[in-house]
Amino acid sequence: MWRDVPLRNSYDVVIVGGGVHGLATAYYLAANHGITDVAVLDKAYLGSGGSGRNTAIVRSNYLTPEGVAFYDRSLQLYNTMSADLNINVMFSERGHLTLAHTDSALRTMRWRAEVNKLQGIDSSVIGPDEIKKLAPSLDTSSHPRFPILGALYHPPGGIVRHDAVVWGYARAADHLGVEMHQQTEVTDIEVTGGDGPDGKGPGGRVTGVVTSRGRISTPTVVNCTAGWASLISDMAGVKLPISTRPLQAAVTEPVKVFLPTVVVSGSLHVYVSQTDRGELVFGASVDPYNNYGITGSLEFTEELAGHVLELMPGISKMRLLRQWSGLCDMTPDYSPVMGFTGVDGFLCDVGWGTYGFKAAPVSGEQMAEAVATGTTPEMIAPFSLDRFHAGTLVGEKGAAAVGH
Amino acid sequence: MLLVPCPNCGPRNAADFSYVGEAKARPDPNAATPEEWRDYLYMKDNPAGRLRETWYCRSGCRQYFVLERDTAANRFADPPLPAAEADGEEA
Ligand SMILES: Cc1cc2nc3c(=O)[nH]c(=O)nc-3n(C[C@H](O)[C@H](O)[C@H](O)COP(=O)(O)OP(=O)(O)OC[C@H]3O[C@@H](n4cnc5c(N)ncnc54)[C@H](O)[C@@H]3O)c2cc1C
Ligand SMILES: [Zn+2]
């Protein structure tokens, strides 16, 4: 898929993190800007982080105008990705239902639908009868403890094969000259002239990175390490508003396909979709406390099973095959941290929390533009690190806390 | 399962607690600038290692308290309170 070449001691751009964000950034640097002297470094293997562990949901029905425009651009790029990267990413545009079980949830859905429509996004609130037609296995009666009152329906949402996206970006970037180096851990970032006692931090500039395989000189480092983002930015003396939390998921044995859409329930903290192979893929909210370990818990499975059965009583005999976990870089407003950081040559594309898979194409495109032009593209200006001290947060919790 | 060592109730399942987050000194609300206040609210250390955190014993004594935990090993320090605080000093 990509060449195995020796690590050199100098690059124009070093990208830390070989997940879908780092790889997309590398690809668009080469494809859109002709910048090919680029190395993507990963301490493990490509896609070993959230990029190979997510539940692969894509959609653009967010809550803020900034968020909607941004995620919509990502969906556009997903739509042509198989052709652009010459790999079948199996985009299944199957529709996305976010269920409302309370009046206040229904109010949020209406709000989202109106914000979405204003931006030309296909998104509307539908009632239990229509929901039943779209997903007959859901219990839409009035008996459950959390009856289904309505849903936000977003036909363009769906599922994309996450591994293919990782491999597709890596292979296409490789063809353009970008180097991928796995098993290469960044252990320090060299910064001089900064405000900190060690010369790091705001005001300074990047001169290189130290890795487990030697030193590399470079004027530009892009932090694409998601759950590990704080550790990397600490090396440059940049503080982030990020907390690392594990997110768990689980999958059942395969059965005949019966669930045509993605279904999310915020109140029940659960979402579900069915793969083309017939497995049900479940996810939930992040674990309740910070952690850098990815051990699964029985609490997660118990709670998940209970909640899923409230939605779909008919699947009580299905067996779970596996559960797993990945690290998420949570921000206070459920929006990312993108762009320049105050340290010259140190950029971040982090804060992807539980929703970063769908955002990878647009993030790579915009980050590449930032690196190539030295200026912040308009589309990602609202997501700058400055917003936390300026108090201009981009609140997406209502659209991203459970439905990733 | 994580057992949280509540100083009043003893070890209990983490599900009995609310996790408040990183424990840090709160700036004086009357003296702090908006930027300082937001720094306190939003910015995090987020280490992979020892971290002082605030927990709320929701289903037990209903007290807030600070414990030290290793976020890489997911283990509470032994003793679970930083020495200075166990001695009753301000950390
Ligand atoms: C269970 C689960 C379900 C999810 N579901 C969805 C979903 O349905 N839809 C959606 O949009 N998003 C979802 N997400 C979120 C999404 O997976 C992430 O936001 C996204 O994959 C982040 O990609 P990334 O490239 O930024 O980071 P990652 O893929 O995490 O990559 C970071 C990389 O950095 C490397 N690294 C770390 N430290 C170093 C170092 N010191 N030196 C070198 N390399 C280093 C790691 O090895 C890793 O490969 C989910 C996440 C999880 C865990
Ligand atoms: Zn207690």
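Guide: A salt bridge is a side-chain nitrogen of Lys or Arg within 4 Å of a carboxyl oxygen of Asp or Glu. This is a predicted model, in which local features need pLDDT of at least 70, side-chain atom pairs count only at pLDDT 80 or more, and totals for chains, interfaces and linings use all residues. Residues are numbered from 1 along each chain as written, chains are lettered from A and ligands numbered from 1 in the order written, and side-chain values use heavy atoms, without hydrogens and water.

Visitor: Why is the pair Asp45(B) and Lys239(A) called a salt bridge?

Guide: The closest N and O atoms of Asp45(B) and Lys239(A) are 3.2 Å apart, and the limit is 4 Å, so the pair qualifies. The count between chain A and chain B is 1 salt bridge.

Visitor: What makes up the contact between chain A and chain B?

Guide: Chain A gives 24 residues and chain B 22 residues, where contact means heavy atoms within 4.5 Å. About 1,900 Å² is buried between the chains, 53% of it on carbon and sulfur atoms; buried area is the accessible area (1.4 Å probe) that two parts lose on being put together, summed over both. In chain A, Lys239(A), Tyr289(A) and His389(A) lose the most area to chain B.

Visitor: Why is the site of the zinc ion (ligand 2) called tetrahedral?

Guide: Its protein donors are Cys6(B), Cys9(B), Cys57(B) and Cys61(B), through SG atoms 2.3 to 2.4 Å away; donors are N, O and S atoms within 2.8 Å of the metal (3.2 Å for Na, K and Ca). The angles among the 4 donor atoms are 100 to 116°, and four donors count as tetrahedral if all angles lie between 85 and 135 degrees, so the site meets the definition.

Note on methods:
Tetrahedral: all angles 85-135°; square planar, octahedral: opposite > 155°, others 65-115°.
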